[in-house]
Structure formats: structure tokens, C-alpha cells
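Please read this briefing with the sequence and the structure side by side. The points are grouped by topic.

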Amino acid sequence: MIDVKVLIDKAFEAQQFCYTPYSGFNVGAALLCDNGNIYKGCNIENAAFTPTNCAERTAFFKAISEGDNKFTAIAIVGNKNGLKPGEGDFCAPCAVCRQVMAEFCDLDTFKVYIAKSRDEYLEYTLGELLPLAFTGKDIK
Ligand code: THU
């Protein structure tokens, strides 16, 4: 596992590219693969609202579409327009993003870092954030 601070830095890098004309709420994510690759994602909004894609899912879909599908951790940052790192609150992943994570990640070992700044972050396993997860094994 790389230093969490490096992953948080990448999430802030991703946040710069958010397309958020409707909410003004900017989320960045950095997804670490077991081979060391990191995929960055931002939220991308839409005038019709429902096509909006969260930062976390952007990162996952980028990785999977490039052939990477083994994941170790994700760092997430989010705040309203105009706030500097550390000024906002912790931005927890939405339930849809947690469900997408559960499709591809181990509930007990995949780590979710919810960060305000590179020094202030919360650490959870995916299983802690999505108890009693519904996954592919439930429909076998
Ligand atoms: N958003 C994310 O990108 N990730 C989350 O997990 C929570 C919500 C985005 C979606 C929308 O563009 C904005 O934040 C406000 O909901």
C-alpha cells in the first residue's frame, strides 16, 4: 500500500476537473489497483440530473475499461466550490458508489479513505460502509 497521503493528493488533482454547473459540489477520487496503478475520477453532472456520474464511479469505470479490476483502496475528497482543502467536511461515498465498489472489491480488505486534507482523513473498510451487502453471490 502506498502512502495514503499520495492517494489523497491524487483525489485533489482529480477534483480540479469536476463538471458541476448544477450543484457546485466538487468531488475527486483516486482508486488504487493492486498492481500500483491509480485511476482518478471526478463527478460529471448533466442538465437532466440523473445521468450525473459520481467521482468514485468515474474512477472505477475508467479502471475497468482499461483492464484493471483488482482494487486496494480509494481516496475521496469533496467540497463546495471555492473551499480550499481542509475547509470542507468529510465527503462519504453515496450508496450507489458503495454498491459499485461491492461489485469489484473485497468487503473486508478494500479501504475507503474519506479525506478533508492530506492530514485529516477517516479510514473504513468497504464492509463497514456497506453492511449486509447484496452481491453476486446472493443471486447464484
Ligand atoms: N457526488 C459524488 O461525486 N460522489 C458521491 O459519493 C456523492 C455525490 C456528486 C454527485 C453530484 O455531482 C454532487 O456530488 C452533488 O450530489
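D9 has a relative accessible area of 29%, so D9 counts as partly exposed. This value, like the others here, is computed from a predicted model. D9 forms a salt bridge with R118, and a search of the whole structure finds five salt bridges. The points below begin with three of these pairs and then turn to rings, strands, backbone angles and the surface.

**Salt bridges**

- Side chains of opposite charge can pair when their charged atoms come close.
- In the pair of D9 and R118, the closest N and O atoms are 2.8 Å apart.
- This pair links distant parts of the chain, since D9 belongs to helix α1 (residues 4–15) and R118 to the loop between β4 (111–115) and β5 (121–125), 109 residues apart.
- R118 has a relative accessible area of 36% and is therefore partly exposed.
- E13 forms a salt bridge with K40, and their closest N and O atoms are 2.8 Å apart.
- E13 is in helix α1 and K40 is in strand β2, so the pair links distant parts of the chain, 27 residues apart.
- E13 is partly exposed because its relative accessible area is 29%, and K40 is partly exposed because its value is 27%.
- K111 and E123 form a salt bridge with 3.4 Å between the closest N and O atoms.
- Here too the pair links distant parts of the chain: K111 is in strand β4 and E123 in strand β5, 12 residues apart.
- K111 is partly exposed at 26% relative accessibility, and E123 is partly exposed at 43%.

**Aromatic rings**

- A pair of aromatic rings is described by the distance of the centres and the angle of the planes.
- Four aromatic pairs are found in a search of the whole structure.
- Y113 and Y121 form an edge-to-face aromatic pair, with 5.7 Å from centre to centre and 80° between the planes.
- Is Y113 buried or exposed? Y113 is buried, because its relative accessible area is 4% and the cut-off for buried is under 20%.
- Y121, at 32% relative accessibility, counts as partly exposed.
- F60, F71 and F110 are linked into a cluster by ring pairs.
- A charge also sits over a ring: the charged end of K116 is over the ring of F90, 4.9 Å from its centre.

**Strands β1 and β2**

- Strand β1 (residues 25–33) and β2 run antiparallel and are joined by five bridges.
- A30 has K40 as its bridge partner in β2; K40 also forms the salt bridge with E13.
- The hairpin of β1 and β2 has four residues between the strands, and G36 in this hairpin takes a positive phi near 95°.

- Most residues other than glycine have a negative phi, and most peptide bonds are trans.
- F49 is not a glycine, yet F49 has a positive phi of about 65°.
- F49 is found in the loop between β2 and α2.
- At 57% relative accessibility, F49 counts as exposed, because exposed means over 50%.
- L132 is not a glycine either, and L132 has a positive phi of about 55°.
- Where does L132 lie? L132 lies in the segment after α4 (126–129).
- L132 counts as exposed, because its relative accessibility is 89%.

**The nonpolar surface patch**

- Which residues form a nonpolar patch on the surface? The patch is formed by Y19, Y22, I44 and F49, which together have about 440 Å² of accessible area.
- I44 is in the loop between β2 (38–42) and α2 (55–65), and F49 is found in the loop between β2 and α2 as well.
- I44 has 39% relative accessibility, so I44 counts as partly exposed, whereas F49 counts as exposed at 57%.

**A buried cysteine**

- C97 is found in helix α3 (residues 95–104).
- C97 is buried, because its relative accessible area is 2%.
- From C-alpha to C-alpha, C97 and K137 are 19 Å apart in space, and they are 40 residues apart in sequence.

Terms used. Residues numbered from 1 in each chain as written. Predicted model: local features only at pLDDT ≥ 70, side-chain atom pairs only at ≥ 80, totals over all residues. Heavy atoms only, no water. Patch = residues over 30% accessible without salt bridge, like charges linked within 9 Å, V, L, I, M, F, W, Y side chains within 5 Å. Areas by Shrake-Rupley, 256 points an atom, 1.4 Å probe, with all protein chains shown as cover. Salt bridge = Lys/Arg side-chain N within 4 Å of Asp/Glu carboxyl O. Helix = DSSP H or I, 4+ residues; strand = E, 2+ residues; numbered from the N terminus. Buried < 20%, exposed > 50% of the residue type's maximum accessible area, 1.4 Å probe, protein only. Phe/Tyr/Trp six-rings, centres within 6.5 Å; stacked < 30°, edge-to-face > 60°. Lys NZ or Arg CZ within 6 Å of the ring centre and 35° of its normal. Pairing = 2+ DSSP bridges.
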